[in-house]
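Me: I have some questions about the labels used for this model. Please set each value against its cut-off.

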Amino acid sequence: MNKKNFWNGKKVFITGHTGFKGGWLSIWLKMLGAKVYGYSLNPPTKPSIYKLTNLKQYIDKNYIGNIQNIQNLKKAISKTSPEILFHLAAQPSVRDSYNRSLETIKTNIVGTSNLLEIIKNQNSLRSVIIVATDKVYENNEKKISFKETHKLGGKDIYSASKAASELMLNAYRNSFFLNKKTFIASVRSGNVIGGGDWTKDRIVPDCLNAFIKNKKLIIRYPNSIRPFQHVLEPIFGYMLLAENLYKKGAIFAQAWNFGPTKRNTTTVIDLAKKIKK
């Protein structure tokens, strides 16, 4: 292992490490020599990237727990004394937020607030990445590309809960972290695709399940244009941002969008046709 590799030997705590993006992030960091500590619920899908890669045996410490439980989360973070933290644990589905509205609020707002409350007294931390979503913006259907400075909002419980967690992050950062050496950034991305994702109501898993079983594929909004991006793209961005927070501090402690250029966006139906081909 190259000793100049930033991640070699770094102690990294990941919430949501049993999920799709959390699994890929854990694998990549382990490949770079990091010590990875995970805190999450059991894998949210069957099959899962966590089980199929046997990720548990590679994680330095595996905590199964709910971020709504502040005492258990605090114990796990305190025991590991991480230098870098990625917060991915969330209720990630817009459709599920209609059926599980209060649970979505507890996980995305209260769970994130629990984490922020804990880390304000965790002196080992240098950089923290809070994984949000591109759904945090107030969407007036004007077909514009949102910038980080656009107004936050949300017409559904999921979007509103993630926007609210961003407001909590900003409040905590200004209230408790201005004179600390812990720097926090939020990252906003969406429409992430790639191997290991079996989440319900997502276009790639839905396509594969339909085509493999020779069933009809139902697409809710076929002509909607989406900024699809492969999972390794935003994850690399998160890691690069964490490194910059660690080395350069406050200048990077803000919100960041991660997505493709406009010419690389595509409609849902065109993506489905490519998958079928």
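Me: Why is D201 called partly exposed?

Reply: D201 has a relative accessibility of 25%. Buried means under 20% relative accessible area, exposed means over 50%, and partly exposed lies in between (1.4 Å probe, protein chains only). So D201 counts as partly exposed. D201 sits in the loop between β7 and α7 (203–212). Helices (H or I, at least four residues) and strands (E, at least two) are DSSP runs, numbered from the N terminus. D201 also has a positive phi of about 65°, although it is not a glycine.

Me: What kind of model is this, and how are residues numbered?

Reply: It is a predicted model: local features need pLDDT of at least 70, side-chain atom pairs count only at pLDDT 80 or more, and totals for chains, interfaces and linings use all residues. Residues are numbered from 1 along each chain as its sequence is written, and side-chain values use heavy atoms, with hydrogens and water left out.

Me: Why does N191 count as partly exposed?

Reply: Its relative accessibility is 21%, so N191 counts as partly exposed. N191 lies in the loop between β6 (183–188) and β7 (192–193). N191 is not a glycine, yet has a positive phi of about 55°.

Me: What makes K247 and E243 a salt bridge?

Reply: A salt bridge is a side-chain nitrogen of Lys or Arg within 4 Å of a carboxyl oxygen of Asp or Glu. The closest N and O atoms of K247 and E243 are 2.7 Å apart. K247 and E243 are four residues apart in helix α8 (residues 232–248), so about one helical turn separates them.

Me: What pairs with K135?

Reply: D134 does, with the closest N and O atoms 3.0 Å apart. K135 is partly exposed at 32% relative accessibility. D134 is partly exposed too, at 22%. The count comes to nine salt bridges.

Me: What makes a space a cavity, and how many of 30 Å³ or more are found?

Reply: On a 1 Å grid over the protein atoms alone, a cavity is a set of points where a 1.4 Å probe fits but cannot get out; a pocket is an open set with protein on both sides within 12 Å along at least five of seven lines; lining residues have an atom within 4 Å of a point. Grid points are joined across faces, edges and corners, and a volume is the space filled by probe spheres set on the points. The search of the whole structure finds one cavity of 30 Å³ or more. The largest cavity has a volume of about 40 Å³. Its lining includes H87, T112 and S186. α6 gives the largest share of that lining, three residues.

Me: Where does the second largest pocket get most of its lining?

Reply: α7 gives the most, with four residues. The pocket holds about 210 Å³ of space. Its lining has 13 residues, with D201, D206, K216, L217 and I218 nearest its centre.
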